[in-house]
Amino acid sequence: MVYDTHNIFAKILRGEIPCKKVYEDNHVLAFHDIAPKAPVHILVLPKGPYKDMDDFTKRASAEEITALFRAFSQIACDHGLDQSGYRLISNCGINGGQEVPHLHLHLLGGTRLGRMVQAG
Ligand code: 5GP
C-alpha cells in the first residue's frame, strides 16, 4: 500500500490542521489525542511518510528510529510518567485496528490502565 498523503496526521504535520503539540524535534511530532482514552493520551509520530511500524522499521534511517524512541522517554518524563508507569501502543494494519495510516504510537498513562488486549 502506498503512503496516503491526505491522511489526517499528514495534514497535521503540514500545519493544515491544528493540534495540541507537546513535543517536536527534527524527526518527531507529538500531540494530545483528540479523543483521549486515559488522563494522558499522547500520539507520537515520525515526521517522515511511514504508514505503520512495519514500514518504519524497514525504511527509516537509524537517526529517525533513535529519535522516535528517545522522544517517548522524553515525553514520558515531561508528563511525570517515568515514575508512575505508562503504556505504548502502535496499532498496525487491519487486525491491529489502525485507523490513521501514518505511523503513530499512543502514549497512555496517568491512571492504572486496564487489560492490554480486548479482541473483537
Ligand atoms: P489508530 O486507531 O489509528 O491507532 O488511532 C488513531 C487515533 O487518532 C485515535 O485515538 C483518534 O482519537 C486520533 N485522532 C483522529 N483524528 C485526530 C485529529 O484530528 N487530531 C488528533 N489530535 N487526534 C486524532
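How many nonpolar, polar and charged residues does the lining of the largest pocket have? The legends below take up this pocket and the ligand in a predicted model.

**Figure 1. The lining of the largest pocket, by residue class.** The lining has 16 nonpolar residues, together with ten polar and six charged ones. The pocket that they line has a volume of about 1,000 Å³, and of its 32 lining residues those closest to the centre are Asp33, Lys37, His41, Asn91 and His106.

**Figure 2. Elements that contribute to the lining of the largest pocket.** Two or more residues of the lining come from each of helix H1 (8–13) and strand S2 (28–32), and likewise from strand S3 (40–46), strand S4 (86–89) and strand S5 (105–109). Among these elements, H1 gives the most to the lining, with three residues.

**Figure 3. The ligand in the largest pocket.** The space that the ligand takes is the largest pocket of the model, and the elements giving two or more residues to the shell around the ligand are helix H1 (8–13) and strand S2 (28–32). H1 gives the most to this shell, as it contributes three residues.

**Figure 4. The residues of the shell around the ligand.** The ligand is surrounded by 16 residues, of which the closest are Asp33, Asn91, Glu99, His104 and His106. Divided by class, the residues of the shell are eight nonpolar, six polar and two charged. Asp33, Asn91 and His106, listed here among the residues closest to the ligand, are also listed among the lining residues closest to the centre of the largest pocket.

Figure 5. Of the 520 Å² of accessible area that the ligand has on its own, the protein covers 85%.

Definitions and conventions:
Residues numbered from 1 in each chain as written. Predicted model: local features only at pLDDT ≥ 70, side-chain atom pairs only at ≥ 80, totals over all residues. Heavy atoms only, no water. Near = heavy atom within 4 Å. Areas by Shrake-Rupley, 256 points an atom, 1.4 Å probe, with all protein chains shown as cover. 1 Å grid on protein atoms, 1.4 Å probe; cavity = no way out; pocket = protein on both sides within 12 Å on 5 of 7 lines; lining within 4 Å. Sits in = over half its atoms within 2 Å of the grid points. Helix = DSSP H or I, 4+ residues; strand = E, 2+ residues; numbered from the N terminus. Nonpolar A, V, L, I, M, F, W, Y, C, P; charged D, E, K, R; others polar. Points joined across faces, edges and corners; volume = space filled by probe spheres on them.
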